[in-house]
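Let's take a look around this protein together, one spot at a time. Have the sequence and the 3D view ready.

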Amino acid sequence: MGKDRDAFTLIVTEAFPEDEGQYLCIASNPGGEVHTTATLKVVAPEMPDAGPKLSEMKDCVVDEGSPAQFKTTIVGKPTKMTVQWLREGLLIPESPDFQMINEGNNAVLLIGTTYEEDSGTFTCRVTTTAGQVETSAKLIVKSKNTQ
C-alpha cells in the first residue's frame, strides 16, 4: 500500500486466480467514513505461438516445358514466420523460373518452365518462434523424347 499526496494505492505484485474478487477501501477521519470498492480479474497470459502445421502437398507430373505448381496451407496463426523452398534438400533461390508466393496462409512455388532435370523432391519449410515444420512432394517432368 502506498500513499502519494492524497491518493492511496494497493499494489498486487503477483496476481493469481485466487486473488480475484472485490477489494474494499475504507477512508476515515473525524468527519466520517467513506467506502469504495474495486474488482480484480486475473486473466491467463497470452500463450506463445503454437507450432505451425502444413497441409500435405501433392506430387506433380508435367510434360517438359510446362509450368508446375506446389502449394501448401499453413495451419495456425504464427505471428512471425519464414517460408523456404528446397529441391532435393538445397535452398531454391527466387528467380523468374522459381517464384515463391505467400498469400495469407498459403505458400506457393510456381515453376514457369520445367525441364527434365527439375525432377525431384520439393520441400516447403516454415520456421516460426515455436518451431519448424516441412512438407514435401515429388515433381516428375516427362521428357519430350519419351513416347
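Let's start with Leu10, which sits in the loop between strand E2 (7–9) and strand E3 (21–29). Keep in mind that this is a predicted model. Is Leu10 buried or exposed? Leu10 has a relative accessibility of 52%, and exposed means over 50%, so Leu10 counts as exposed.

## A pair of rings

Now for the aromatic rings. How do you describe two of them together? You give the distance of the centres and the angle of the planes.

The count here comes to one aromatic pair. That pair is Phe70 and Phe122, with 5.2 Å from centre to centre and 20° between the planes. Planes under 30 degrees apart count as stacked, so this pair gets that label.

Buried means under 20% relative accessible area. Phe70 has 1%, so it is buried, and Phe122, at 0%, counts as buried too.

Finally, find Thr129 in the loop between E12 and strand E13 (131–142). With a relative accessibility of 66%, Thr129 counts as exposed.

Thr129 and Pro52 are 77 residues apart along the chain. In the model, 9.8 Å separates the C-alpha atoms of Thr129 and Pro52.

Key:
Residues numbered from 1 in each chain as written. Predicted model: local features only at pLDDT ≥ 70, side-chain atom pairs only at ≥ 80, totals over all residues. Heavy atoms only, no water. Phe/Tyr/Trp six-rings, centres within 6.5 Å; stacked < 30°, edge-to-face > 60°. Buried < 20%, exposed > 50% of the residue type's maximum accessible area, 1.4 Å probe, protein only. Helix = DSSP H or I, 4+ residues; strand = E, 2+ residues; numbered from the N terminus.
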